[in-house]
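Subject: Structure for you to look at

Dear colleague,

I am handing over the structure below, and after it I set out what was found there. Please keep it open beside the text as you read.

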Amino acid sequence: MALSFTSGSRTTALARVLLLVAAIAFVDWRISANIPLGMLYLLPVALGAVVLTRFQVVLLGALCTVLAETFDSFAWTGLTSIPRDALYFAAFSGSGLFVQEVFANRKRTALHLEALEREVSARRDAEEQLLVLVASSPIAILTIDAAGLILLANDAAERMFAMQSGTLEGKSLGAYLPILTKVPAFRGGQPSFRTVMQCRGQRNDGESFLAEVWFSTYLTSAGARLAAMVVDASQDLRDREEANLHQLLSGSRIIAGAVSHEVRNVCGAIAVVHQNLARNDSLKENKDFEALGTLVTALERVAALDLRQAAERPVRLNLQSFMEELRIIVGSPLREREIEVSWEIQADLPTVWADRQSLMQVFLNLTRNSEAALEDQALRKISMKSWAQDSTVFIAVADNGPGVKVPELLFRPFQTQSDRVGLGLYLSRALLRSFGGDLRYESTADGAMFVVELAASNEGTDES
């Protein structure tokens with residue numbers, strides 16, 4: 001009733017309250033009997049409290065007190081009227097302030113309920129989106145309780161573990177990812193943590209696979225929980241091992257070719273000496289001399305085998321994508337070793353003919369050489385710069401190390417001056433030449449620079 005009576009504008013509501021006060025005062029004035037009507041002013045005060053401020057409620061209470069005292073039938077005396085007026089004023093003002101506080105609390109409660117409804121709606125939408133995300137994710141997602149039982153599993157998890165739809169929940173995690181059941185924080189009593197690891201996974205049909213697991217532990221009112229995202233990394237492992245085998249075989253062919261070349265040179269010299277000795281008539285009937293000639297011929301035949309052919313045909317390679325991948329691979333290790341790396345990669349580089357794995361091995365070998373050269377430098381810098389000229393793309397790897405003392409020996413195999421086998425640069429140039437590229441050294445004023453040359457191909461991209 002109060003809301004309907006005071007509906008509309010504040011001025012309209014206040015006019016209604018004042019009209020009601022005037023009506024009560026008129027009735028009280030017209031009735032001359034000893035009937036006290038002053039308490040009727042409680043109604044307009046209570047109604048006016050909805051739209052008035054606290055101070056205005058007190059003023060309205062004072063006005064009603066004056067009207068009640070003026071139009072009642074009791075004579076005004078100090079001893080009796082002052083307590084009565086004080087009671088009127090306290091009743092009118094107190095009831096108005098009480099009603100005002102009730103309506104203010106009601107309004108605050110309504111606003112709080114609206115906020116709660118919005119939060120509940122937002123939470124419900126977020127939960128629905130999360131459920132859709134989990135259900136549609138191509139990554140296996142699991143939630144496990146402290147007993148090791150799977151509470152939630154999406155379709156990707158059921159496919160990964162070779163389970164029928166809806167049958168993985170309630171199963172023990174130990175049958176599929178046993179290492180996760182040994183997580184200390186998951187067993188309780190330890191602080192929560194999150195990490196990633198590789199472990200062995202087990203499918204329902206008994207097949208094992210390599211699993212990459214991102215997991216975190218947390219506490220709920222129902223106890224400890226573990227959330228995990230699992231990816232089958234078996235194919236990546238196979239691809240990586242096949243690529244390593246390919247690089248091993250390619251490197252072995254090049255090493256064998258280098259050895260064969262050296263052996264052929266030695267065999268040629270021995271054959272010349274053998275032919276010269278054959279002119280001596282005293283050795284013609286010597287069986288050991290004849291056997292020596294046979295051994296030289298057999299050794300020449302073995303050394304003549306062509307073992308340096310590339311195992312794979314080069315493809316058109318997107319250099320922009322390749323350089324971004326190289327930056328990811330070498331950037332972090334170089335920063336950890338406090339080596340400043342600058343990249344000046346031309347934005348519109350053409351595609352080139354290359355084998356991605358072989359080219360990556362070349363740049364990894366060059367950066368490792370630069371790291372070793374900068375070992376004793378106070379300020380260590382490596383720069384990567386690329387540019388295109390005519391039908392060739394150049395990529396320079398430079399450092400501010402001490403440089404190369406004998407550049408003529410850089411690309412020779414089995415160098416005695418090298419701390420290691422001395423095949424790194426030789427193999428790198430051989431790999432580049434296998435798909436039409438090349439590697440050369442250029443001296444600089446403050447260090448060394450190796451330039452990789454690659455044949456450009458503007459016919460599109462076979463490999464991204």
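A residue is called buried here when its relative accessible area is under 20%, exposed when that area is over 50%, and partly exposed in between. Please bear in mind throughout that this is a predicted model.

By that cut-off phenylalanine 92, with a relative accessible area of 0%, is buried, and tyrosine 88 counts as buried as well, at 7% relative accessibility. Both residues belong to helix α5, which covers residues 78–136, and they lie 4 residues apart, or about one turn of the helix.

The structure holds 7 aromatic pairs. In one of them, the ring centres of tyrosine 88 and phenylalanine 92 are 5.9 Å apart and the ring planes are at 10°, so this pair is stacked. Tyr88 and Phe92 also belong, together with Tyr41, to one aromatic cluster.

Another aromatic pair is formed by phenylalanine 161 and phenylalanine 209, whose ring centres are 6.1 Å apart and whose planes are at 55°, so that the pair is tilted. Because phenylalanine 161 lies in the loop between α6 and β3, whereas phenylalanine 209 is in strand β4 (residues 208–220), the pair ties together parts that are 48 residues apart in sequence. Phenylalanine 161 counts as buried at 1% relative accessibility, and phenylalanine 209 counts as buried at 4%.

Strand β4 leads on to the sheet. An open sheet of 5 strands runs in the order β2-β1-β5-β4-β3, and its pairing is antiparallel. The edges are taken by β2 (150–153) and β3, each of which has a single partner strand, so one side of each is left without a neighbour in the sheet. On average, neighbouring strands of this sheet are turned by 30° against each other, with direction ignored. Within the sheet, strand β1 (residues 140–145) pairs with strand β5 (residues 223–232) in the antiparallel sense over 6 bridges, and isoleucine 144 stands opposite leucine 226 in β5.

Two residues deserve a look for their backbone angles. Most residues other than glycine have a negative phi. Alanine 162, however, has a phi near 55°, a positive value in a residue that is not glycine. Alanine 162 is found in the loop between α6 (155–160) and β3 (194–202), where it is partly exposed, with a relative accessible area of 35%. Aspartate 390, which is not a glycine either, has a positive phi of about 55°, and its place is the loop between β9 (381–389) and β10 (392–399). With 79% relative accessibility, aspartate 390 counts as exposed.

Finally, there is a feature of the surface to point out. Phe26, Val27, Trp29 and Ile31 make a nonpolar surface patch of about 390 Å². Of these residues, tryptophan 29 is placed in helix α2, residues 10–30, and it is partly exposed, with a relative accessible area of 49%.

Conventions
Residues numbered from 1 in each chain as written. Predicted model: local features only at pLDDT ≥ 70, side-chain atom pairs only at ≥ 80, totals over all residues. Heavy atoms only, no water. Patch = residues over 30% accessible without salt bridge, like charges linked within 9 Å, V, L, I, M, F, W, Y side chains within 5 Å. Areas by Shrake-Rupley, 256 points an atom, 1.4 Å probe, with all protein chains shown as cover. Salt bridge = Lys/Arg side-chain N within 4 Å of Asp/Glu carboxyl O. Helix = DSSP H or I, 4+ residues; strand = E, 2+ residues; numbered from the N terminus. Buried < 20%, exposed > 50% of the residue type's maximum accessible area, 1.4 Å probe, protein only. Phe/Tyr/Trp six-rings, centres within 6.5 Å; stacked < 30°, edge-to-face > 60°. Pairing = 2+ DSSP bridges. Axes fitted to C-alpha atoms, helices over the stretch in contact; angles between N-to-C directions.
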